[in-house]
Amino acid sequence: MHLIQFTLGNLSKNIQGLLQLEKYSVKLREIIDEISPDLVHGFFLTNRGFLVARSGFSPSISTAMGSDILIDSKSSPILSWIVKYSLSRSDLVTCTSNSVKRSITRMGIPSEKTVSIPYGVDLNRFPTDSSTASFDNRKMKSFEPPTLVMTRNFYPVYGIEYFLRSLPQVVKEFPKLKVFLLGDGPLRERLFRLSSELKIRDNIHFAGHVNETKLGEYLSSADIYISTSLSDGSSVSLLEAMASGLPAIVTDVDSNREWIKDGVNGYIIPKRESSILSARIIQLIEDPRLRETMGSKNKDITRQRGDMKKNLQ
């Protein structure tokens, strides 16, 4: 196997970037001629997948990562053309959820040409026994009411401000509520300010990026997982929380419905509806038995369908 890395960024967003991508595709063809591969696989349709398509090599596989289909393809005529070109020139397309596959089919790609393969998670990374957590994270369990955790980076697509806007009502009912935000990004300072404006800053710990070990510790020590994403191809963040035995409150994104059944193993709420989110958080805080039942079901689901090692065999 040869791993060829191109640092492409957002080149596909304008004509100049498209011309630059074409130069990279020439370079890729030279590499292909040199190593004579049996198969070429490109990840992300708006850059590496496009390079593979432009190379003209066959057989080829392109992998749709989610945002390339759900967001980029709708954002500009150039990106729409790039995505459709990449799809049409691939011998096989893989994606991470059935919802993304349906979107690809609506673009005119035969459904038999596309295979949905959820990544899943490494279940060994997420022990559900809180005794394995470090002291700093075990102490989260000492807080009453339970601790909320979100593990999304600070980008507009993840709708974190709607989560923050849901919290004043929850804090009003439970003044000692603790919220752990794991992640970082360009909205960090804005979210800091918003939490202060909403008078919930003392309830929130901005943990930043954490390593895999710490992530497992935080999740195994938390009680409720929240995601207010506005779009998701397949949320590894959600699967990590489910594998840790957490009930989940997530937004009504098609891919989330492949994992969460409303009222059974979590709650699905409308996008941008902070008041509804507040009510669901309070409901789970007040019902420990329901949290335990939902979390147990989520562990079972990830063992059955979310094991990365099984899914990628």
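User: Let's start with helix H4: how many residues does it have, and how far does it reach from its first C-alpha to its last?
Analyst: Helix H4 (residues 77-89) has 13 residues and reaches 18 Å, close to the 18 Å expected at 1.5 Å a residue. The expected span is 1.5 Å times one less than the number of residues. Helices (H or I, at least four residues) and strands (E, at least two) are DSSP runs, numbered from the N terminus.

User: Before we go on, what kind of model is this?
Analyst: This is a predicted model, where local features need pLDDT of at least 70 and side-chain atom pairs count only at pLDDT 80 or more, while totals for chains, interfaces and linings use all residues. Residues are numbered from 1 along each chain as its sequence is written, and side-chain values use heavy atoms, with hydrogens and water left out.

User: Good to know. Which residues of H4 are buried?
Analyst: Leu79, Ser80, Ile82, Val83, Tyr85, Ser86 and Leu87 are buried in H4. Buried means under 20% relative accessible area, exposed over 50%, and partly exposed in between (1.4 Å probe, protein chains only).

User: And what covers them?
Analyst: The cover includes helices H1 (15-35), H2 (44-55), H3 (67-75) and H5 (98-106), along with strands E2 (60-64) and E3.

User: Let's switch to the sheet. What is the order of its strands?
Analyst: It is an open sheet of four strands, ordered E1-E2-E3-E4, with parallel pairing. Two strands pair if DSSP finds at least two bridges between them. The edge strands, each pairing on one side only, are E1 (40-43) and E4 (114-116).

User: How many bridges join E3 and E4?
Analyst: Three bridges, in the parallel sense, with E3 being residues 92-95. Cys95 stands opposite Ser116 in E4.

User: Which of its residues are buried?
Analyst: Leu290, Arg291, Met294, Gly295, Asn298, Ile301 and Thr302 are the buried residues of H13. They cover an arc of only 125 degrees around the axis, so they lie on the same side of H13. That arc is taken from the directions from the helix axis to the C-beta atoms.

User: What about the face turned away from that side?
Analyst: There you find the exposed residues Arg289, Glu292 and Gln304.

User: What covers the buried residues of H13?
Analyst: Among the elements covering them are strand E8 (224-227) and helix H12 (274-285).

User: Which residues are linked in a network?
Analyst: Arg125, Glu212 and Glu240 are linked in a network of salt bridges. Arg125 meets Glu212 at 3.4 Å, N to O, and these two are 87 residues apart. Arg125 also meets Glu240 at 3.8 Å, N to O, and that pair is 115 residues apart.

User: How accessible are Arg125 and Glu240?
Analyst: Arg125 is partly exposed, with a relative accessible area of 24%, whereas Glu240 counts as buried at 10%.

Methods: Contact = heavy atoms within 4.5 Å. Salt bridge = Lys/Arg side-chain N within 4 Å of Asp/Glu carboxyl O.
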